[in-house]
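Trainee: Can we go through this one together? I would like to ask about a few spots as they come up.

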Amino acid sequence: DDSSIYLSFDGFKSVLQRGDEYSFIVARTSPGESPEDVAERATEKFRKRFNQKEGQEDFFIETFEEAISTYNTVLLVLNVILFLIALISVIVAGVNIANTMYTAVLERTKEIGIMKAIGSKNSDIMLVFIIESGVLGLVGGIIGIITGLIVANLGGAVASRYGLSMLKPYFPWWLVVGCALFAFLVGAVAGIFPALQASRQNPVDALRYE
């Protein structure tokens, strides 16, 4: 970590001249000792040293397990928030794709009539529009994936510059492929109702449509 400096205890006191003031202390328990028990005994000794009652301490002692638990709680909250944002984005994208496909059905009503006149089945017409809406979602998904890769790499570069090189973005192939397939699926589902409308067109009325 290029953003840290390691000093001996005596060197630290002589350079910073802070006396007995410390922001935090990291301690390691002896083998076989329970960190929870050690933390409890240390807390009691600090209370006696500073003459403080339980619940009124101006310090706290946290074990590694407690730190991980706090981190997991924060991570869970962030994941829930990100999930809700992603869910809203998916709903908005689906509505936009559905609107686009409804417009496409109206603009191609005469083409639908011709397809039916030459023997196309309702299922054939429905499949055409579902695939088209799926491709529309796939194109949007690919654009989103590329944008995400660029933003994540920029964020990783900034984090590395400030000494947080461990925050390096990771993009396994299955995640990229999964995102693309999910985008296609969202587009296809959003196009089901417009495709149903297209497949139920009366061929005679469709041919007369202007």
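Mentor: Start with S120, in the loop between α4 (109-117) and α5 (122-161). Keep in mind that this is a predicted model.

Trainee: Is S120 buried, exposed or partly exposed?

Mentor: S120 counts as partly exposed, because its relative accessibility is 22% and buried means under 20%.

Trainee: Which residues does S120 touch, leaving out those up to four places away in sequence?

Mentor: With those left out, S120 touches M115 and I125.

Trainee: And how far is S120 from S199?

Mentor: In sequence they are 79 residues apart, but in space S120 and S199 are 9.6 Å apart, C-alpha to C-alpha.

Trainee: New topic. How many salt bridges are there?

Mentor: The count is five. One of them joins R47 and E57, with 2.5 Å between the closest N and O atoms.

Trainee: Where do R47 and E57 sit?

Mentor: R47 is in helix α2, while E57 is in the loop between α2 and α3. They are 10 residues apart, and the pair links distant parts of the chain.

Trainee: Are R47 and E57 buried or partly exposed?

Mentor: One of each. R47 is buried, because its relative accessible area is 14%. E57 has 24% relative accessibility, so E57 counts as partly exposed.

Trainee: What else is in a network with R47 and E57?

Mentor: E44. Salt bridges link E44, R47 and E57 in a network.

Trainee: Why does the pair of E132 and R108 tie parts of the chain together?

Mentor: E132 lies in helix α5 and R108 lies in the loop between α3 and α4, so the pair ties together parts that are 24 residues apart in sequence.

Trainee: How accessible are R108, E111 and E132?

Mentor: R108 is partly exposed, with a relative accessible area of 22%. E111 counts as partly exposed at 45%, and E132 counts as partly exposed at 29%.

Trainee: Now the surface. Which residues form the negative patch?

Mentor: The negative surface patch is formed by E36, D37, E40, E62, E65 and E66.

Trainee: Which helix gives the most to that patch?

Mentor: α2, with three residues. Both α2 (35-50) and α3 supply at least two residues each.

Trainee: Where is E62 then?

Mentor: E62 is in the loop between α2 and α3.

Trainee: And why does E62 count as partly exposed?

Mentor: Because E62 has 41% relative accessibility, and partly exposed lies between the 20% limit for buried and the 50% limit for exposed.

Trainee: Last topic. Which residues make up the nonpolar patch?

Mentor: Y71, V74, L75, V77, L78, I81, L82 and I85 form that patch on the surface. Together they have about 730 Å² of accessible area.

Trainee: Take I85 from that list. Where is I85?

Mentor: I85 is in helix α3, which covers residues 64-107.

Trainee: Is I85 exposed or partly exposed?

Mentor: I85 counts as partly exposed, because its relative accessibility is 47% and exposed means over 50%.

Methods
Residues are numbered from 1 along each chain as its sequence is written. This is a predicted model: local features need pLDDT of at least 70, side-chain atom pairs count only at pLDDT 80 or more; totals for chains, interfaces and linings use all residues. Side-chain values use heavy atoms; hydrogens and water are left out. Patches are made of residues with over 30% relative accessible area and no salt bridge: like charges are joined within 9 Å, nonpolar side chains (Val, Leu, Ile, Met, Phe, Trp, Tyr) within 5 Å. Accessible areas come from the Shrake-Rupley method with a 1.4 Å probe; for residues, only the protein chains shown count as cover. A salt bridge is a side-chain nitrogen of Lys or Arg within 4 Å of a carboxyl oxygen of Asp or Glu. Helices (H or I, at least four residues) and strands (E, at least two) are DSSP runs, numbered from the N terminus. Buried means under 20% relative accessible area, exposed over 50%, partly exposed in between (1.4 Å probe, protein chains only). Lys and Arg count as positive and Asp and Glu as negative; His and the chain ends are not counted. The place of a charge is taken as NZ of Lys, CZ of Arg, CG of Asp or CD of Glu. Contact means heavy atoms within 4.5 Å.
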